[in-house]
Amino acid sequence: CGIATAAPTPAPTSTLDAVLERGVLRVGFDAGYQPFEMTNKQGQYIGFDVDLAKMVAKEMGVKVEFVNTAWDGIIPALLTNKFDVIMGGMTVTPQRNLRVNFADPYIVVGQTIVLRKEKAGEIKSFTDLNDPKYKIAVKLGTTGEQAVKRLIPKATLLQFETQDDAKLEVINGKVDAFVYDLPYNAIFASQNQGAVVHLDKPFTFEPLAWAIRKGDQDTLNWFNNYLRQIKGDGSYDRLYKKWFES
Ligand code: ARG
(Lines give C-alpha, C1' and ligand atoms only; values in the text may rest on other atoms or scores of the structure.)
Protein backbone atom coordinates (compact mmCIF):
# COMPACT_ATOMS: atom_id res chain seq x y z
CA CYS A 1 0.00 0.00 0.00
CA GLY A 2 1.07 3.52 -0.69
CA ILE A 3 2.34 6.09 1.68
CA ALA A 4 -0.43 8.24 3.10
CA THR A 5 0.23 11.85 2.27
CA ALA A 6 -1.76 14.58 3.88
CA ALA A 7 -3.62 16.63 1.32
CA PRO A 8 -2.05 20.08 1.24
CA THR A 9 -4.32 22.52 3.01
CA PRO A 10 -5.08 25.47 0.75
CA ALA A 11 -3.84 28.77 2.03
CA PRO A 12 -6.75 30.69 3.53
CA THR A 13 -8.07 33.29 1.17
CA SER A 14 -7.94 36.79 2.50
CA THR A 15 -10.76 39.24 2.00
CA LEU A 16 -8.35 41.17 -0.20
CA ASP A 17 -7.91 38.19 -2.55
CA ALA A 18 -11.65 37.54 -2.58
CA VAL A 19 -12.28 41.18 -3.56
CA LEU A 20 -9.72 41.04 -6.37
CA GLU A 21 -11.19 37.80 -7.65
CA ARG A 22 -14.75 39.13 -7.51
CA GLY A 23 -13.80 42.48 -8.99
CA VAL A 24 -15.99 44.23 -6.42
CA LEU A 25 -15.30 45.73 -3.00
CA ARG A 26 -18.44 45.47 -0.87
CA VAL A 27 -18.61 48.24 1.71
CA GLY A 28 -20.99 48.14 4.65
CA PHE A 29 -22.27 51.31 6.31
CA ASP A 30 -25.41 52.91 7.69
CA ALA A 31 -26.39 55.92 5.60
CA GLY A 32 -27.61 59.11 7.22
CA TYR A 33 -24.47 59.71 9.25
CA GLN A 34 -23.44 63.10 7.92
CA PRO A 35 -20.93 64.01 6.53
CA PHE A 36 -19.61 60.44 6.27
CA GLU A 37 -22.44 58.73 4.38
CA MET A 38 -25.64 60.32 3.18
CA THR A 39 -28.10 59.80 0.35
CA ASN A 40 -28.49 62.72 -2.05
CA LYS A 41 -31.68 63.75 -3.88
CA GLN A 42 -30.82 61.44 -6.76
CA GLY A 43 -30.64 58.53 -4.34
CA GLN A 44 -26.85 58.22 -4.59
CA TYR A 45 -24.57 57.73 -1.63
CA ILE A 46 -22.23 60.62 -0.95
CA GLY A 47 -19.86 61.60 1.86
CA PHE A 48 -16.38 61.27 3.31
CA ASP A 49 -16.54 57.48 3.73
CA VAL A 50 -18.12 57.11 0.29
CA ASP A 51 -15.27 59.01 -1.36
CA LEU A 52 -12.67 57.04 0.60
CA ALA A 53 -14.30 53.75 -0.37
CA LYS A 54 -14.29 54.79 -4.03
CA MET A 55 -10.60 55.70 -3.80
CA VAL A 56 -9.78 52.36 -2.20
CA ALA A 57 -11.68 50.44 -4.87
CA LYS A 58 -10.05 52.43 -7.66
CA GLU A 59 -6.61 51.70 -6.25
CA MET A 60 -7.46 47.99 -6.04
CA GLY A 61 -8.77 48.10 -9.61
CA VAL A 62 -12.23 46.88 -8.63
CA LYS A 63 -15.76 48.27 -8.52
CA VAL A 64 -17.36 49.39 -5.30
CA GLU A 65 -20.74 48.30 -3.98
CA PHE A 66 -22.38 49.88 -0.93
CA VAL A 67 -24.43 47.73 1.42
CA ASN A 68 -26.64 49.91 3.60
CA THR A 69 -27.13 48.15 6.94
CA ALA A 70 -28.78 49.11 10.24
CA TRP A 71 -26.04 50.12 12.68
CA ASP A 72 -27.30 47.82 15.38
CA GLY A 73 -26.63 44.76 13.20
CA ILE A 74 -23.60 45.94 11.26
CA ILE A 75 -20.98 43.77 13.00
CA PRO A 76 -23.05 40.56 12.64
CA ALA A 77 -23.51 41.47 8.94
CA LEU A 78 -19.73 41.78 8.51
CA LEU A 79 -19.14 38.49 10.32
CA THR A 80 -21.64 36.68 8.09
CA ASN A 81 -19.90 38.04 4.97
CA LYS A 82 -22.64 40.40 3.75
CA PHE A 83 -19.80 42.74 2.78
CA ASP A 84 -16.02 42.97 3.03
CA VAL A 85 -15.42 45.95 5.28
CA ILE A 86 -17.28 48.42 7.45
CA MET A 87 -16.44 51.96 6.35
CA GLY A 88 -19.02 53.73 8.42
CA GLY A 89 -17.36 55.93 10.98
CA MET A 90 -17.09 53.09 13.45
CA THR A 91 -15.46 53.97 16.75
CA VAL A 92 -12.73 51.58 17.81
CA THR A 93 -13.86 50.23 21.17
CA PRO A 94 -12.29 47.37 23.13
CA GLN A 95 -15.63 45.52 23.09
CA ARG A 96 -15.99 45.72 19.29
CA ASN A 97 -12.32 44.88 18.92
CA LEU A 98 -13.01 41.49 20.54
CA ARG A 99 -15.15 40.67 17.50
CA VAL A 100 -13.48 42.48 14.58
CA ASN A 101 -10.11 43.84 13.54
CA PHE A 102 -9.67 47.55 12.94
CA ALA A 103 -7.33 49.28 10.52
CA ASP A 104 -5.48 52.33 11.85
CA PRO A 105 -7.87 55.18 12.72
CA TYR A 106 -8.64 57.53 9.84
CA ILE A 107 -10.08 60.32 12.00
CA VAL A 108 -10.67 61.02 15.68
CA VAL A 109 -13.98 62.39 16.98
CA GLY A 110 -15.89 62.38 20.27
CA GLN A 111 -19.41 62.58 21.61
CA THR A 112 -21.08 65.96 21.91
CA ILE A 113 -24.52 67.15 23.01
CA VAL A 114 -27.23 68.89 21.02
CA LEU A 115 -29.74 70.47 23.39
CA ARG A 116 -33.19 71.74 22.75
CA LYS A 117 -32.83 75.47 22.92
CA GLU A 118 -34.85 75.96 26.11
CA LYS A 119 -32.27 73.93 28.06
CA ALA A 120 -29.25 75.91 26.91
CA GLY A 121 -28.91 78.07 30.02
CA GLU A 122 -29.45 75.21 32.43
CA ILE A 123 -27.11 72.58 30.95
CA LYS A 124 -23.48 73.37 30.35
CA SER A 125 -21.94 69.89 30.14
CA PHE A 126 -22.81 66.21 30.20
CA THR A 127 -22.63 66.06 34.00
CA ASP A 128 -25.54 68.51 34.27
CA LEU A 129 -27.71 66.01 32.37
CA ASN A 130 -27.19 63.26 34.94
CA ASP A 131 -30.69 63.37 36.39
CA PRO A 132 -33.79 61.25 35.65
CA LYS A 133 -35.73 64.40 34.77
CA TYR A 134 -33.65 64.81 31.61
CA LYS A 135 -34.50 62.77 28.52
CA ILE A 136 -31.61 61.95 26.20
CA ALA A 137 -32.06 60.50 22.71
CA VAL A 138 -29.40 58.25 21.16
CA LYS A 139 -29.07 56.02 18.14
CA LEU A 140 -29.28 52.32 18.93
CA GLY A 141 -25.94 50.51 19.13
CA THR A 142 -23.78 53.62 18.90
CA THR A 143 -21.03 54.85 21.15
CA GLY A 144 -23.44 57.70 21.92
CA GLU A 145 -25.68 55.15 23.61
CA GLN A 146 -22.69 53.65 25.42
CA ALA A 147 -21.47 57.06 26.55
CA VAL A 148 -24.83 57.97 28.08
CA LYS A 149 -25.09 54.61 29.88
CA ARG A 150 -21.58 54.93 31.23
CA LEU A 151 -21.19 58.64 31.93
CA ILE A 152 -24.76 59.96 32.32
CA PRO A 153 -26.35 56.88 33.94
CA LYS A 154 -29.12 58.66 35.84
CA ALA A 155 -30.63 60.39 32.82
CA THR A 156 -33.66 58.91 31.06
CA LEU A 157 -32.36 57.17 27.92
CA LEU A 158 -34.41 56.88 24.73
CA GLN A 159 -33.04 54.74 21.89
CA PHE A 160 -33.91 55.29 18.25
CA GLU A 161 -33.25 53.11 15.23
CA THR A 162 -32.21 56.05 13.05
CA GLN A 163 -30.39 59.28 13.80
CA ASP A 164 -33.09 61.17 11.90
CA ASP A 165 -35.78 60.02 14.34
CA ALA A 166 -33.61 60.89 17.34
CA LYS A 167 -32.81 64.28 15.85
CA LEU A 168 -36.50 65.10 15.33
CA GLU A 169 -37.25 64.45 19.00
CA VAL A 170 -34.85 67.24 20.00
CA ILE A 171 -36.09 69.63 17.32
CA ASN A 172 -39.67 69.02 18.48
CA GLY A 173 -38.71 69.38 22.13
CA LYS A 174 -39.83 65.85 23.03
CA VAL A 175 -36.39 65.15 24.53
CA ASP A 176 -33.84 67.48 26.09
CA ALA A 177 -30.71 66.28 24.39
CA PHE A 178 -29.19 64.15 21.66
CA VAL A 179 -25.77 62.57 22.13
CA TYR A 180 -23.80 61.64 19.02
CA ASP A 181 -20.52 62.10 17.17
CA LEU A 182 -19.26 65.68 16.89
CA PRO A 183 -19.20 66.03 13.07
CA TYR A 184 -22.80 64.87 12.79
CA ASN A 185 -23.96 67.18 15.56
CA ALA A 186 -22.11 70.18 14.13
CA ILE A 187 -24.11 69.91 10.89
CA PHE A 188 -27.35 69.08 12.71
CA ALA A 189 -27.04 72.16 14.93
CA SER A 190 -26.03 74.53 12.14
CA GLN A 191 -29.08 73.47 10.11
CA ASN A 192 -31.49 73.96 13.04
CA GLN A 193 -30.16 77.04 14.76
CA GLY A 194 -33.56 78.26 15.94
CA ALA A 195 -34.41 75.00 17.69
CA VAL A 196 -31.21 73.57 19.14
CA VAL A 197 -27.86 74.48 20.70
CA HIS A 198 -24.63 72.49 20.27
CA LEU A 199 -22.38 71.89 23.27
CA ASP A 200 -19.48 71.19 20.96
CA LYS A 201 -16.74 70.16 23.36
CA PRO A 202 -16.37 66.38 22.99
CA PHE A 203 -16.59 64.43 26.25
CA THR A 204 -15.26 61.12 24.90
CA PHE A 205 -12.21 60.14 22.81
CA GLU A 206 -13.16 58.18 19.70
CA PRO A 207 -10.84 57.03 16.92
CA LEU A 208 -12.87 55.87 13.90
CA ALA A 209 -11.59 53.02 11.77
CA TRP A 210 -12.44 50.50 9.06
CA ALA A 211 -13.42 47.12 10.45
CA ILE A 212 -12.77 43.72 8.88
CA ARG A 213 -13.18 40.13 9.99
CA LYS A 214 -10.54 38.91 12.43
CA GLY A 215 -7.34 37.16 11.47
CA ASP A 216 -6.88 38.73 8.05
CA GLN A 217 -3.42 40.24 8.11
CA ASP A 218 -3.26 40.64 4.30
CA THR A 219 -6.22 42.97 4.15
CA LEU A 220 -5.21 44.88 7.26
CA ASN A 221 -1.72 45.40 5.83
CA TRP A 222 -3.11 46.77 2.56
CA PHE A 223 -5.51 49.15 4.31
CA ASN A 224 -2.92 50.48 6.74
CA ASN A 225 -0.32 51.11 4.08
CA TYR A 226 -2.95 52.74 1.88
CA LEU A 227 -4.05 55.04 4.73
CA ARG A 228 -0.46 56.08 5.41
CA GLN A 229 -0.01 56.86 1.73
CA ILE A 230 -3.10 59.06 1.34
CA LYS A 231 -2.40 60.83 4.62
CA GLY A 232 1.07 61.68 3.35
CA ASP A 233 0.38 62.58 -0.26
CA GLY A 234 -2.36 65.18 0.24
CA SER A 235 -5.32 63.19 -1.04
CA TYR A 236 -6.71 62.59 2.45
CA ASP A 237 -6.42 66.33 3.23
CA ARG A 238 -8.30 67.24 0.07
CA LEU A 239 -11.17 64.96 1.04
CA TYR A 240 -11.13 66.21 4.61
CA LYS A 241 -11.44 69.81 3.43
CA LYS A 242 -14.25 68.88 1.07
CA TRP A 243 -16.41 67.27 3.77
CA PHE A 244 -15.42 68.97 7.02
CA GLU A 245 -14.40 72.49 6.14
CA SER A 246 -16.85 73.66 3.53
N1 ARG B 1 -18.99 56.48 15.85
C2 ARG B 1 -20.23 56.00 16.35
C3 ARG B 1 -20.14 54.53 16.67
O4 ARG B 1 -19.18 53.91 16.34
C5 ARG B 1 -21.39 56.25 15.41
C6 ARG B 1 -21.21 55.75 14.02
C7 ARG B 1 -22.48 55.72 13.24
N8 ARG B 1 -22.21 55.41 11.87
C9 ARG B 1 -23.14 55.32 10.92
N10 ARG B 1 -22.75 55.04 9.70
N11 ARG B 1 -24.40 55.50 11.17
O12 ARG B 1 -21.03 53.96 17.28
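Visitor: Which cavity corresponds to the space taken by the ligand?

Guide: On a 1 Å grid over the protein atoms alone, a cavity is a set of points where a 1.4 Å probe fits but cannot get out. Here, the ligand's space is the largest cavity. The model is predicted, so local features need pLDDT of at least 70 and side-chain atom pairs pLDDT 80 or more, while totals for chains, interfaces and linings use all residues. Residues are numbered from 1 along each chain as its sequence is written, and side-chain values use heavy atoms, leaving out hydrogens and water.

Visitor: How many residues surround the ligand?

Guide: A residue is near a molecule if one of its heavy atoms lies within 4 Å of it. There are 16 such residues, and Glu37, Thr91, Arg96, Thr143 and Asp181 are the closest.

Visitor: Which polar side-chain atom lies 3.3 Å from an oxygen atom of the ligand?

Guide: A polar contact is a pair of N or O atoms within 3.5 Å. The atom in question belongs to Trp71.

Visitor: How much of the ligand does the protein bury?

Guide: Accessible areas come from the Shrake-Rupley method with a 1.4 Å probe. Taken alone, the ligand exposes 340 Å², and the protein buries 100% of that.

Methods: Polar contact = N/O pair within 3.5 Å; in protein donor to acceptor, adjacent residues only side chain to side chain. 1 Å grid on protein atoms, 1.4 Å probe; cavity = no way out; pocket = protein on both sides within 12 Å on 5 of 7 lines; lining within 4 Å. Sits in = over half its atoms within 2 Å of the grid points.
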